[in-house]
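Hello,

Here is the structure I promised to pass on.

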Amino acid sequence: MPIRRFARRTHRDAARLAAAGEHRSALPAFAAAAAEYRERLAGHPGDRGSREDFADLLASAAASHTAVGDYAAAFAAQRERAQVADALGAVGPAKARQRMDLAESAVRAGRLLTAAVQADAALNALDDTDPNDPAGAGFADLASALARAARVFGRAADPDLAVAAADQAARMLLAAGRQDALLRDSLRLAAALHAAAGRGAHARGAKELLGKYFPDAEPLTAPNLVTLRTALETAAGRGAFDDPALVRRLCPDPAGREAPPTVTARCDLGLAAVALHAAEPAVAALVAPAPGIGWRIATEVHYLLAAADRHGERNLHLNFRDHGPVWVAMLMALAEDGKRGPLMADLAHALAGLCDRLHTRHAAPEYEPLMRSAQRFIAAHPDR
């Protein structure tokens, strides 16, 4: 297998350069080895060894791209790594780490929709882990994944999810005897978000732990983020949303011990389609006059739908021909606000997947104008 031998030798050369801090010099070697692995797998897709080597190479290349500040290229490498590695059938901690790597690279690249969806998928890979048993299998992996997810949710999702993940991660890391950067970041984030939400006692508790374990840590100033509960209540106050019971079901108390730290844990996933049909008119009405409110509602419902879809929620799958166009319409309302950049490419990527599925399901003719509009948006924001 001359191709694989050449690829592995080039990979080793690139890894040595990266280990020495010569990331810019390493990148051409990583690219050369990647081309060889692609050629090998094109002809021998069942070559598990080459697939494993290629996935490792893409992770290393992403790290070097990140080191030189090319976050878009790092994200592309992590996304290709996920595609390559999926065929390997990784489960549990290995799958969680790979998905979380992709989520963090997506955040750095401004691909916030992908970031939140992948962080939730990473945590789902550890669903069988008992978060209350420090001696149990996978406990340390779940603690680390929650801490990393909290950072992602803090940038890309509902602050109530971020603070719940940060709180749970801090409890688990302390129970495991960990006093590392993940604990520091979790405590900083928890303190800032609790303070921003007016939960003084919780904020003080996090700050005291931060001072105890990391006396030199700088405090974190929480951005003025809108929670899903606040967004839905604001929409109701403006007459664009009228389902207070749904607000209670979608938005549990973020400060309670049972606060949901993941999108999937937010509610019964059967509510995803219900939330979609309730939220889409509100998003359409509010995204222009109150873009922060519209974006928060739309993105959180999108994340919930993605989770339900991933888990095979029966109603969403069986009736996708009916739910899918409303999902597209909700995301297209975001497309109308004129933003540019990587977030729009991420939105186009999400729309492309939905449109492809609706094409195979033969969406009703009345949705044809919506589909054409979505296709124009996708073409205008290529996913490079």
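Helices (H or I, at least four residues) and strands (E, at least two) are DSSP runs, numbered from the N terminus. This is a predicted model, so to speak of local features takes pLDDT of at least 70, side-chain atom pairs count only at pLDDT 80 or more, and totals for chains, interfaces and linings use all residues. Residues are numbered from 1 along each chain as its sequence is written, and side-chain values use heavy atoms, with hydrogens and water left out.

Pockets first. On a 1 Å grid over the protein atoms alone, a pocket is an open set of points with protein on both sides within 12 Å along at least five of seven lines, while a cavity is a set where a 1.4 Å probe fits but cannot get out; lining residues have an atom within 4 Å of a point. Grid points are joined across faces, edges and corners, and a volume is the space filled by probe spheres set on the points.

The largest pocket has a volume of about 680 Å³. Of its 22 lining residues, Thr114, Val117, Gln118, His349 and Ala350 lie nearest the centre. Helices H4 (71-86), H5 (92-108), H6 (112-124), H14 (291-310) and H17 (342-361) each give two or more residues to this lining, and H17 has the largest share, with six.

The second largest pocket, at about 560 Å³, is lined by 26 residues, and Gly154, Arg155, Ala156, Leu225 and Arg296 lie nearest its centre. Here H14 supplies the largest share, six residues; H6, H7 (139-156) and H9 (181-196) also supply at least two each.

As for cavities, there are three of 30 Å³ or more. The largest has a volume of about 80 Å³, and its lining includes Asp158, Asp160, Arg229 and Arg266.

Finally, the cores. A nonpolar core is a set of buried Ala, Val, Leu, Ile, Met, Phe, Trp, Tyr and Cys residues joined through side-chain atoms within 4.5 Å, where buried means under 20% relative accessible area (1.4 Å probe, protein chains only). The largest one has 106 residues, and Phe153, Ile297, Met330, Leu331 and Leu347 have the most contacts inside it. Apart from it lies another core of 19 residues, among them Ala7, Ala14, Ala26 and Phe54. Leaving aside neighbours within four places in sequence, Leu331 is in contact (heavy atoms within 4.5 Å) with His302, Leu347, Ala350, Leu351 and Leu354.

Best wishes

Conventions:
Buried < 20%, exposed > 50% of the residue type's maximum accessible area, 1.4 Å probe, protein only.
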